[in-house]
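Subject: Structure handover

Dear colleague,

Here is the structure I said I would pass on. My notes follow below it.

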Amino acid sequence: MKMADRIKKGYKLYVEDNVIIEHYEDDHAIFKVKKDENDYYTVSMIYGYWNCDCADYQYRNQHNPGSFYCKHLQAAQFKLFDYMKELDD
Ligand SMILES: [Zn+2]
């Protein structure tokens, strides 16, 4: 899958309301991204380091740390931008 496809898929997850912010503070955020009816992937951001517990991210990050964003992580970032805008209002 191309990176652009992951961004599009992440955007789709976000616009279809599959992302929730479970916890947010400036240096620590936790997101839940819907996997199916009763399961979620967990995306976290700690001091600027992002992580997702899906197999795609775990595998690639292990081989080439920091080089890869899965669609869940993309989705979480869209949600975060949205949240930032709300904080500004
Ligand atoms: Zn993921």
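In which element of the chain is confidence lowest, and in which is it highest? The lowest is helix α2 (residues 55-63), at a mean of 91, and the highest is β3, at 97. Confidence here is pLDDT, the predictor's own score for each residue, running from 0 to 100. Over the chain the mean pLDDT is 92, and 100% of the residues reach 70 or more.

This is a predicted model, in which local features need pLDDT of at least 70 and side-chain atom pairs count only at pLDDT 80 or more, while totals for chains, interfaces and linings use all residues. Numbering starts from 1 along each chain as its sequence is written. Element names refer to DSSP runs numbered from the N terminus, with helices being H or I of at least four residues and strands E of at least two.

The sheet

Four strands form an open sheet in the order β1-β2-β3-β4, with antiparallel pairing; two strands count as paired if DSSP finds at least two bridges between them. β1 (19-25) and β4 (49-52) are the edge strands, each with a single partner, so one side of each has no neighbour in the sheet. From one strand to the next, the twist averages 15° (axes are lines fitted to C-alpha atoms, for helices over the stretch in contact, and angles run from 0 to 180 degrees between N-to-C directions).

Going through the pairs:

- β1 and β2 are antiparallel over six bridges, and a hairpin of two residues connects them. I21 has F31 in β2 as its bridge partner.
- β2 and β3 are antiparallel and joined by eight bridges. F31 is bridged to V43 in β3.
- β3 and β4 are antiparallel with four bridges, and S44 stands opposite N51 in β4. Their hairpin has two residues between the strands, and Y47 takes a positive phi near 50° there.

The core

The largest nonpolar core has 14 residues, of which V19, V33, V43, C52, L73, A75 and A76 touch the most other members. The elements giving two or more residues to this core are α1 (3-15), β2 (28-36), β3 (39-46) and α3 (71-88). α3 gives the most, with three residues. A nonpolar core here is a set of buried Ala, Val, Leu, Ile, Met, Phe, Trp, Tyr and Cys residues joined through C-beta atoms within 7 Å; buried requires 20 or more other C-beta atoms within 10 Å of the residue's own, placed from the backbone.

Leaving aside neighbours within four places in sequence, A76 is in contact (C-beta atoms, placed from the backbone, within 7 Å) with V19, F31, V33 and V43.

Regards

Definitions and conventions: Buried ≥ 20, exposed ≤ 12 C-beta atoms within 10 Å, placed from the backbone. Contact = placed C-beta atoms within 7 Å.
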